[in-house]
Amino acid sequence: MNAGPASFPDRDSVAEKLGAFGEADQSFLRLLMENPEQDERLMDGLYRHLDLASEARFLNSLKLEKLGQWLGSEAPARLQMRLTEAGRSSQHAAYQAFKAGLSKSGGLERAFPKV
């Protein structure tokens, strides 16, 4: 049985890249977002990252907001609604910080402009 290309990267690898968020990590994430077949992996990794951040002793809300703003700016239109849903999926401060960054990016408005 062939698992196919969608089996890499796993959600923990994506969550790690989102957490580290260096230049190489950003390049990796951009490449991941280019392929619609990898959308589930990206979203699974994002939820994993937000869950880990919500369980951490120290909440770096500024870093989460920056991540939301970057993803909102860089993600293609097909992902904007799913990113917004992720930000709204919990009332925890980690999710709220991510959602605030998404809002600042204006990505959803660019993807779905008002008529």
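Is R82 buried, partly exposed or exposed? With a relative accessible area of 26%, R82 is partly exposed, because that value falls between the 20% limit for buried residues and the 50% limit for exposed ones. The model discussed in this report is predicted.

## Salt bridges between helices

Side chains of opposite charge can pair when their charged atoms come close. The count of salt bridges in this model comes to 6. R82 takes part in one of them, with E40 as its partner and 3.0 Å between the closest N and O atoms. This pair links distant parts of the chain, since R82 belongs to helix 5 (residues 77–88) and E40 to helix 3, 42 residues apart. Like R82, which has 26% relative accessible area, E40 is partly exposed, at 44% relative accessibility.

A salt bridge also joins the side chains of D12 and R48, with an N to O distance of 3.1 Å. D12 is placed in helix 1 and R48 in helix 3, so this pair ties together parts that are 36 residues apart in sequence. Both partners count as partly exposed: D12 has a relative accessibility of 40%, and R48 has one of 26%.

In a further salt bridge, E65 meets K104, the closest N and O atoms being 2.3 Å apart. Because E65 lies in helix 4 and K104 in helix 6 (residues 93–105), the pair ties together parts that are 39 residues apart in sequence. The two partners fall into separate accessibility classes: E65 counts as buried at 19%, whereas K104 is exposed at 55%.

## Aromatic contacts and F21

A pair of aromatic rings is described by the distance of the centres and the angle of the planes. The structure holds 1 aromatic pair. It is formed by F21 and W70, whose ring centres are 5.2 Å apart and whose planes meet at 85 degrees, so the pair is edge-to-face. F21 is found in the loop between helix 1 and helix 2 (23–34) and W70 in helix 4, so the contact ties together parts that are 49 residues apart in sequence. Both members are buried, F21 with a relative accessible area of 8% and W70 at 12% relative accessibility.

The backbone of F21 carries a further feature: its phi is positive, at about 55 degrees, although F21 is not a glycine. Another ring, that of F28, has the charged end of K17 over it, 5.0 Å from the ring centre.

## The largest pocket

Rolling a probe the size of a water molecule over the atoms shows where empty space is left. The largest pocket has a volume of about 180 Å³. Its lining consists of 15 residues, and H49, A53, N60, K63 and L64 lie nearest its centre. By class, the lining comprises 10 nonpolar, 3 polar and 2 charged residues.

Helix 1 (11–20), helix 3 (39–55) and helix 4 (61–74) each supply at least two residues of this lining. The largest share, 4 residues, comes from helix 1.

## R41 in helix 3

R41 is located in helix 3. At 24% relative accessibility, R41 counts as partly exposed. The C-alpha atom of R41 is separated by 17 Å from that of E74, and the two residues are 33 residues apart along the chain.

Methods: Residues numbered from 1 in each chain as written. Predicted model: local features only at pLDDT ≥ 70, side-chain atom pairs only at ≥ 80, totals over all residues. Heavy atoms only, no water. 1 Å grid on protein atoms, 1.4 Å probe; cavity = no way out; pocket = protein on both sides within 12 Å on 5 of 7 lines; lining within 4 Å. Points joined across faces, edges and corners; volume = space filled by probe spheres on them. Nonpolar A, V, L, I, M, F, W, Y, C, P; charged D, E, K, R; others polar. Buried < 20%, exposed > 50% of the residue type's maximum accessible area, 1.4 Å probe, protein only. Phe/Tyr/Trp six-rings, centres within 6.5 Å; stacked < 30°, edge-to-face > 60°. Lys NZ or Arg CZ within 6 Å of the ring centre and 35° of its normal. Salt bridge = Lys/Arg side-chain N within 4 Å of Asp/Glu carboxyl O.
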